[in-house]
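I opened this entry to look up a few local features and to write down what I found for each.

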Amino acid sequence: MIRNKTVFSTLILGVVMVFTSCGGDSTIDEGIDLVDSDTLVDDSFNDMFESPDVDYHLPSALQVASIFKKSGMKFNSGVINSTENSSNYSTELQKMLNFGVYSADLAYSVTNDQANEARKLITVIKDLADSQGMSAVFDNKDLMDRFDMNIEIQDSIEIIMVEIHERTEEYLDENDMKHTSAVHYCGAWVEGMYLGVYDFEHNDENPSVGSQITEQMEILNNIIKGLKDPRNRDIGIEPMISDLQNIQTTYDSFESVIIFYADDNAVELILTDEEYTQIGNLVKDVRAKIVNA
């Protein structure tokens, strides 16, 4: 049984839906108040775990951005995947996974007011979209022009990110490519976990990030399920599925996890230092396989 914990688990995981989630339509108005997004995050978090018919019900980009602002995670430009690596990704799988990685890095940068990083990342994301046959998502020159003009205005950039996400969803729907979003999602999940692990190991002022990492683990089974879509077989996804299953199996075997789910009154799952180290090392290994082509 999965309990309703704090909504922070959507922080690291949910960044990918800036471009590629499969759930929830939303209408964004430029006058929206980001502060009001907390309630929506609660609703999305509950629906994500309670609906047996929805595997990828993710919160909106503005909701994720709002959570990022409160997370306490420190920005470090040296942690994100270098945009210089993008030219190394030649296979379809590499391009799809790193589209998700860079999407996570973009949200991480934007919500930390890192305009220069965001501009470099959006360019790489556009190039990777083009290489996957998704150029229609960025064909509207006005979209990129508005990104450039508003690069220093965080709220405006967040709204444009939502627009890009909606364009991507529409394109994938119309072209029967929803299965590819699971691969994008996988890349963003791994990158988000990596950012969380790095913060846990280096930011002594944010001790709560450990519990936030464990909450994100609740999503992993659904990611694996999405990757197993038969339409993903031809891109060589099996080793990635195996790596993620290893993370899931290792996590499920932790004594802290077993004790937590055996106690109906337990509220927060905290791993031991050894368990955090073990799961962190597995995440770093998988992330290295994705970004070091």
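This is a predicted model: local features need pLDDT of at least 70, side-chain atom pairs count only at pLDDT 80 or more; totals for chains, interfaces and linings use all residues.

**Thr 180.** I then followed its side chain, which reaches the backbone oxygen of Met 177 at 2.7 Å. Leaving out residues up to four places away in sequence, I listed Met 96, Leu 172 and Asn 232 as the residues that Thr 180 touches.

**Helix 5.** I turned to residues 115-131, where helix 5 has 17 residues and reaches 25 Å from its first C-alpha to its last, close to the 24 Å expected at 1.5 Å a residue. Among its buried residues I noted Ala 115, Glu 117, Leu 121, Ile 125 and Leu 128. Which helices do the buried residues of helix 5 pack against? I found helix 4 (92-110), helix 6 (141-149) and helix 7 (154-174). Just after helix 5, I noted that Gly 133 takes a positive phi of about 80°.

**Nonpolar core.** I finished with the largest nonpolar core, which has 73 residues, and found that Leu 227 and Leu 244 touch the most other members. For Leu 244 I wrote down contacts with Cys 186, Trp 189, Val 190, Leu 220, Ile 223, Ile 224 and Leu 227, again not counting residues up to four places away in sequence.

Terms used
Residues are numbered from 1 along each chain as its sequence is written. Side-chain values use heavy atoms; hydrogens and water are left out. A polar contact is a pair of N or O atoms within 3.5 Å; within protein, one must be able to donate a hydrogen and the other to accept it, and residues adjacent in sequence count only if both atoms are side-chain atoms. Contact means heavy atoms within 4.5 Å. Helices (H or I, at least four residues) and strands (E, at least two) are DSSP runs, numbered from the N terminus. The expected span of a helix is 1.5 Å times one less than its number of residues. Buried means under 20% relative accessible area, exposed over 50%, partly exposed in between (1.4 Å probe, protein chains only). A nonpolar core is a set of buried Ala, Val, Leu, Ile, Met, Phe, Trp, Tyr and Cys residues joined through side-chain atoms within 4.5 Å.
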